[in-house]
Amino acid sequence: MLAYLIRRLLYALPILIGVNVITFALFFVVNTPDDMARMQLGVKRVTPEAIERWKAERGYDKPLFWNDAAAGTGKATETIFFTKSVKMFALDFGSADDGRDIAREISLRMGPSLAVALPVFALGLFAAIAFALLLVYFRASYLDFAGVVLCVAMMSISGLFYIIGGQWLVSKVWHLVPISGYAEGLTAAKFVVLPVLVSVLAGLGSSARWYRTIFLEEYTRDYVRTARAKGLSERLVLFRHVLRNALIPILTGAVVAIPTLFMGSLLIEAFFGIPGLGSYTIDAINAQDFAVVRAMVFIGSALYIVGLLLTDISYTLADPRIRLQ
Amino acid sequence: MSLPMSLLRVRDLSVAIGDALPVEDVSFDIAAGETFALLGESGCGKSLTALALMRLLPPAARIASGAVRFADTDLCALSEARMRDVRGGKLGMIFQEPSSSLNPVMTVGAQIAEALRLHGDAAARERVVELLAAVGIPDPARRAGEYPFQMSGGMKQRAMIAMALAGEPELLIADEPTTALDVTIQAQVLDLLRALQRRRAMAMLLITHDLGVVANMADRVGVMYAGQLVEIAPRAAFFAAPGHPYARRLFAALPDTAARRSRLATIPGSVPPPGTRHAGCRFVERCGEALPVCHAAPPPWREYAPGHAVRCHLPALPVLAGKVGVTEGNPCGTGGTVADAAAPGGAPPLLAVSDLQVYFPIRKGVLRRAVGHVRAVDGVSLVLHAGRTLALVGESGCGKTTVGKAILGLQAPSGGALALDGAPLAGLAPRRMQMVFQDPYGSLNPRLRVGEIVAEGLCALRLPGDHAAQVRELLAQVGLDAAMAGRYPHEFSGGQRQRIAIARALAVRPGLLICDEPTSALDVSVQAQILNLLGDLQARLGLAYLFITHNIAVVDYLAREVAVMYLGRIVERGTTEAVLRGARHPYTQALLAAVPRIAGGGVEARVAGDPPSPANPPPGCHFHPRCPRAEARCRASYPDETTLAADHVVRCHFPA
Amino acid sequence: MIKPVLLWSDLLFFLLIAATFAGGWLAARTEHLRLAWRRVGRSRVAMAAATLLAAFLLIGVLDSLHYRERLPGDGENYAVEVRSALDALLTGLRTRQERTYSAPLATHLFAKESLEGDQGRDFPRLKHGGAHLGADTAGHGADLLAKTVQGMGVGVVAWLVLWLGFLPARQAAPHLAWDAVLATLFALCLVAGPVLLLAQGYHVLGTDKVGQDVLYLTLKSVRTGLLIGTLTTLIMLPAAVALGLLAGYAGGWIDDVIQYLYTTLNSIPGVLLIAASVLMMQVVIDTHPDWFATAAERADARLLALCAILGITSWTGLCRLLRGEALKLRELEYVQAARALGVSGARILWRHILPNVMHIVMIAIVMDFSGLVLAEAVLSYIGIGVDPNTVSFGSMINTARMELAREPMVWWSLAAAFAFMFVLVLAANLFADVVRDAFDPRASR
């Protein structure tokens, strides 16, 4: 078990390196820093001096991989690859275009992101499982059919519509909560309620339908027939046998998302003005702040890999077949 | 047919799936304490009948008509809530697949306790242990806390039985309870069922396709064919003189000693698919003695003797022309149609396997280093001459299939040597050896036409000649219509698919055919067709067969030589005669004793427990933990080969 | 008079349609595919959804026949603007531009303005909307009603013509659910008829900030949605299938490398990878303005690049699925039998593995479509989607959302975009569902 986890951890390292290489290639090999500078400063009428200044401000004026001008280890470290990519492993992301330290900014913004993402995760999972259970309990009835149709219809609506519609109805028509914004402490609740509800609703259709399929597949198993042959009621068959088996893939499948909750949701945060990492990313994309985008890619990948690891662990814990072998 | 004091009374029960009636007008009674066996081939509706009694039919199926009375209750009229009390409480049921029929994430104890609580037993914990002990599970207190995957197949089936017994049912329905188990384990479970039934005076409805199991377990027998009961008889009367032509042909199709070296009687054609409209008798197309009336009107029930009724137009025929039923003392080798060429003198054997090993590494730790090996095949030596048949016998997991794959080159051996016609061999030799697989459904690509499947080898090896003509010829050779080349596999029955697979293997004209359980997925009547075909092909083409099987009866019928495998090693080999009649190894003896035979005598569970894992074989003789004769020296060293006769070798410390 | 222009996306789109037809021909000759498609054809839901999708496809195809108009005067001078057959058909809608917002079917602008002269502030009259009514708009309501009723009549007549046109097809394939097709067509005609008549004199869905007809914009968005939904899958398919099957069948280090590749790509959060790639691609496009002759070509390049990027980020799921399936199929007895017969690995993959995973590929194609259409809207909204010059559902929503804050609200652009997207995605989802059930061998219900 321990050996297995160590192996998984070791396996994560090359993946992280791979991610780093991909982002490096994307940001510095596809385009030269000169291209980026020219694009940010406006393509036309840009002097070479301006480009040099732009590059120097951001530390893009070094060679890509090998610095002949530097001395000693500097030949390797005084390069774009080292300062912009390798240093990320030490969580040193440099500073954004506005001069602020990215690492500090990230640590500040994690809180608001989590304040929205965690409730969305927990409520969403709960709502989808409950809805799917309801449909499965009344399977092959009109209720089930109508539920599936509702799910498909909900899946077919753009997420933007849920957000815009929710803001319009709850905030503009009913005046229940502020339309956007954020505050620290308990007052955060009134800002968080609407984005959470909207996200849960937007995700409900597809997850509930998917979970329903998992439940129904579990129903076809032989052990369900055995349970019925014992004289168990349908309710007990569903809750004691089917649910327990189906929850293993559902819960372990959800675990992978937990670490990425820190990243928040791009859309929700942007719409509701929540100062989390999602809106930070959006702002960086709109401002074409390459340093921030690069840092977010790295952190996102690292968190995803942690999620994979957690998935493995949770599988081992949840399924006796793996736990005891 | 009605008994005076029947516990279960089924009248005119029909089950519908859509418009089809896979079970139609089935009526029978079961008296308290008796065992009634429902016998039939796959798809005859016997399992659906059982599920209908429990009202556990799959969603697509429903009870169309009929009545089921249990004691004084009409089960069909009960509300679902009341029916739940009957399930488990009055009627218990066990199923074919113990591995999938238990909930994988609940401990066995919890699953039994659940049944106990439902039927009003509060002191569950002790009762669970008691029940597990009653079904012969060693160390029941510890086993109760284990999950199903930690148990062997036999153990799981015992746990299933314990669960079914929890509600103290008056009738136990056992749906093919031992079909998924090895023969030695089957003997143990059948023993257990019989003992439990006697002790608890419980009635049993035993559903099976195995005449041997029926012979050893049943008080009365009902034979089902194409959704109908066609014969009901007390066991003795049934085995002495089966009445229905279908039942008589089933007996004749059994490859047992009686039929050795002669062609098996087969039942032509196949079972009509459910949904077929029948004007007359359902068996008429396949019946050799059909009268005009058989086509026109459904046959009536005729009472041959008290309690022995047959649904047939024909007058009672006590004995079918030729051999029927239990015929004793038919000496071997009188038929002589199954070719089995005499040993060629001097020439090197077609296939020589010496000290073959196939190890699979067990990887552990951070660096996934191999910390040990699963010794699937651990030093197997075989010799097979051209035109002969060698049977490799063993229970599941003994490594017999791996031997076949290693010889063929599908599995890289870890050690040992192979020689074909005296020349060493490594890797594939497609033109020399081919394989026929077990599962007729998995062995044909569903996306290719039959013609393309058969021609596959011709194309791959770029053999000369007109491939289309060769395909036609091959299909004819295996008894199929050449016009079938344009059709897809799903249009064929299991037996026909197996014929296609044989044609595919024969296309490249190999000298050796490795047959890996080619008939174990088939019904008895179809098995006979395939065995006959294999015999004919051997006679005509001079093929050698390496026949991998667990079915002793097939070995006895087909093979000239036998090798018995246990845990990756051959424990006894020799001529079929020598090994099967004069077995010396305790394992071989146990295996033979465990086979349920029609001829009576009863099965004997001579060995207890389960085979150990090949990853961690016991020291010394692998069989010693289960062996009744084991002594200190068996625990210390693996026995060497002892040659008993020129062609009889055994690896046991007590060869005498 | 005109010069046809074949954009890259047009070419790929037509290739895709040709491939679909070729696939259909192949499917008709292969029994199990024919049976599966027949199951789809028997489903009323699928046929109704397919009818809607066909209508969308028709719009998309018309909008993919591009040309440049010849400028008046001598010489071979052509307009810079690239138009499509759809533009030509909708010339009226395209050219009848107002000054700014107007509500659906309105005769006046949405906001009060100071009028010429000294009449104070009032809603100015639209230039085109209801122009045939003249200065007096008293007959507005009656005119709308009359046009709607007439339009319905036109719709019913059109439907009857279609009904006649479908007769031979219905006789040729009586087992298909033609009733659902005709019912859907009836509904379509009943809506399209009035819209057609009303669009002659009004802006049926209103106008946007710069006075463009919203109906026109919505119809133009359809092509973008279809392209993103189909081309993305097309681009990623070869890699996903080849690598997935190879990894599963070959095993060993090949499997390790491919697994590493997709785990790495997969571990980068999709939106961020897309954002980074789009940003970088933007730099490439902006620094090489000389590569593109027209703005349309540049927008087209960006659209294709977006498809490619979406493809790169979305092939991993299918790849993993196919790897697992190949791993299972490899152990099947017919593959073992083929190996024993000396069939080569490549041939086994081609003959035995590929045909037996095609249903998964088919299901993936139809299931991905709706997700991609929805994703386009989100990405364009974030600003990493299509070129701002490309009309798409996302860019419509993006430009419209600012107006939500207005009092009273400008809702029609959003509503039109969401409604069209909903119908398109719902039809695709319903169709995909039936296809999955028909092709999945072990689908329950």
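Tutor: The discussion below turns to confidence, then to two interfaces. This is a predicted model, in which local features need pLDDT of at least 70, side-chain atom pairs count only at pLDDT 80 or more, and totals for chains, interfaces and linings use all residues. Residues are numbered from 1 along each chain as its sequence is written, chains are lettered from A and ligands numbered from 1 in the order in which they are written, and side-chain values use heavy atoms, with hydrogens and water left out.

Student: Where in chain C is confidence lowest, and where is it highest?

Tutor: Confidence is given as pLDDT, the predictor's score for each residue, from 0 to 100. Chain C has a mean of 87, and 98% of its residues reach 70 or more. Helices (DSSP runs of H or I, at least four residues) and strands (E, at least two) are numbered from the N terminus. Strand β4 (residues 113-114) of chain C is lowest, at a mean of 75, while helix α3 (residues 44-62) of chain C is highest, at 94. The model as a whole scores ipTM 0.88 and pTM 0.89.

Student: How many residues of chain C are in contact with chain A, and how much area is buried between them?

Tutor: The size of an interface is often given as the accessible area lost when the parts come together. Here that buried area (1.4 Å probe, summed over both parts) is about 4,100 Å², with 74% from carbon and sulfur atoms. In contact (heavy atoms within 4.5 Å) are 47 residues of chain C and 47 residues of chain A. On the chain C side, C:L272, C:L279 and C:M280 lose the most area, together 15% of what that side buries.

Student: What domains does chain A have, and what joins them by salt bridge?

Tutor: Domain bounds come from an automatic or database domain assignment. For chain A it gives domain 1 (2-90) and domain 2 (103-318), whose centres, taken over C-alpha atoms, lie 35 Å apart. The contact takes 19 residues from domain 1 of chain A and 15 residues from domain 2 of chain A. Together the two domains bury about 1,600 Å², 76% of it on carbon and sulfur atoms. One salt bridge crosses between them, and its partners are A:R8 and A:D312 (2.8 Å, N to O).

Terms used: A salt bridge is a side-chain nitrogen of Lys or Arg within 4 Å of a carboxyl oxygen of Asp or Glu.
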